[in-house]
Amino acid sequence: MKLSKHTPIKIQGGGIAGLSAGIFLKQAGYDPIIYEKNKACGFSRHGDIEGLETWNFCSNPIDFFTQLNIPIDFNFKPENKITVHFDNSPSVQIVDKNPFFYFVKRGMEKGNIDKELQTFALSIGCEIRFEYTPEIEHISIIATGSKKANAYIQGITFDTQLPDQTYLFLNDSITKTGYGYLVIWDGQATLSVAYKKSESQDILNKLKNKCKEKLEIDLPENANSFASYGSFDINAPKVDNDGRMFIGEAGGFQDYLFGFGMNSAIHSAYYAIKSIAHSEDYKLLIKKNIIPHMKASLLNRYLFEKLNEKQKYNICKQLSNSTQPLQILQKQSNYTFKKKLMFKLLNRKLNIL
Ligand SMILES: Cc1cc2nc3c(=O)[nH]c(=O)nc-3n(C[C@H](O)[C@H](O)[C@H](O)COP(=O)(O)OP(=O)(O)OC[C@H]3O[C@@H](n4cnc5c(N)ncnc54)[C@H](O)[C@@H]3O)c2cc1C
């Protein structure tokens, strides 16, 4: 697909990936048009708190935004302490001097990341057409988010007077293959559980009950609830026969281990625009810069699902005893020579690629 600075480049989908792509294109001297099917970017999000993690791609995603000349107009909160709960082991606190996450809020409220990326994109001259789904022939970049449900997520958001804190629930009685979390930030809380379909039965109630039991907190009856799913697919097409590029979850870009897709969305957008601006091969850029992270996370996911609660506790205990737990996570997310060998073996067994 031939793209020039004289004709608009059309992006389908105005989520984190599509907005980032629009911004990068405009900054590179192109004229992007973003088509968003809803009436605003972030419309389908629920004001839930999500984390830009600091171990898969870069240790400071906020600095990464700055390097890319995207102003940090959205609210964020670094988090360097996580308390992990189990059914049959004591709770564990993992603390690092550097943040594990930069929390952001999703949605169209002022200060939320979607809203502020939209505002910035418009301010630099990106065109966004809302409530519009164009014919595929006119599109160059597909950023329409998750297609296939590989993992599910349910949760609630509510107001609270509790202080800021972050909890992870690795209780087998909630989910053996997923995890629950409670994040409280500035009077707002997100309680949520990520899981596989086979574990869906009453799962949010199980998390709510465990949360009440472990933390002795009252959960309001009138909390806003949400449910969604995510696509993880290393094999999803990255470019179609007409040269359209897939970015974000539309391209299957996700962290297989915990479903952290925001960094993958931004990075895949970055490489798509790099390929346009510098005539580089998108597939090669992806293969070099994103696929290794996906392979490492896929392997980590496979191992995670094999662990019982006690083994998860032992790992958390090790992290808790370490002075640099984040470095351990970062090391485990690298696609090292050892991981390559392990991936080869896994691929032979499961035919992943
Ligand atoms: C509840 C929940 C919690 C999560 N927590 C985290 C977290 O803590 N950390 C993290 O990194 N990731 C998290 N994720 C994953 C992360 O939100 C996604 O991976 C990321 O938002 C993907 O960005 P995207 O731009 O590819 O897709 P999306 O953000 O889904 O955006 C796609 C956009 O395309 C629009 N669209 C769809 N179809 C069309 C069409 N035909 N025409 C026009 N527009 C269309 C949609 O309306 C939407 O605005 C979470 C996901 C969920 C659901």
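Start at the largest nonpolar core: of its 59 residues, Ile 141 and Ile 247 touch the most other members. Such a core is a set of buried Ala, Val, Leu, Ile, Met, Phe, Trp, Tyr and Cys residues joined through side-chain atoms within 4.5 Å. Buried means under 20% relative accessible area (1.4 Å probe, protein chains only). Colour α5 next: this helix gives the most to the core, with 8 residues. Helices (H or I, at least four residues) and strands (E, at least two) are DSSP runs, numbered from the N terminus.

The model is predicted, with local features needing pLDDT of at least 70 and side-chain atom pairs 80 or more, while totals for chains, interfaces and linings use all residues. Residues are numbered from 1 along each chain as its sequence is written, and side-chain values use heavy atoms, without hydrogens and water.

Now select Ile 141. Leaving aside neighbours within four places in sequence, its contacts (heavy atoms within 4.5 Å) include Ile 9, Ile 11, Leu 25, Met 245, Ile 247, Ile 273 and Ile 276. Lys 10 and Gln 12 are also among them. Then pick out Phe 103, Val 183, Ala 194 and Leu 326: they are part of a second, separate core of 25 residues.

Show the polar contacts (N or O pairs within 3.5 Å).

- Glu 36: a side-chain N or O atom is 2.6 Å from a ligand oxygen.
- Lys 37: a backbone N or O atom is 3.0 Å from a ligand nitrogen.
- Asn 38: a side-chain N or O atom is 3.2 Å from a ligand oxygen.

Alone, the ligand exposes 1,000 Å², and the protein buries 89% of that (Shrake-Rupley, 1.4 Å probe).

Go on to helix α3 (residues 113-123). Its buried residues are Ile 113, Asp 114, Glu 116, Leu 117, Gln 118, Phe 120 and Ala 121. Their cover includes α1, α2 (61-67), β7 (101-105) and β8 (127-130). Just after α3, check Gly 125, with a positive phi of about 105°.

Finish at Lys 339 in helix α10 (residues 337-350). Is Lys 339 buried or exposed? Lys 339 is buried, at 6% relative accessible area. Beyond four places in sequence, Lys 339 touches Ala 296, Leu 299, Asn 300, Gln 332 and Asn 334.

How values were computed: Polar contact = N/O pair within 3.5 Å; in protein donor to acceptor, adjacent residues only side chain to side chain. Buried < 20%, exposed > 50% of the residue type's maximum accessible area, 1.4 Å probe, protein only.
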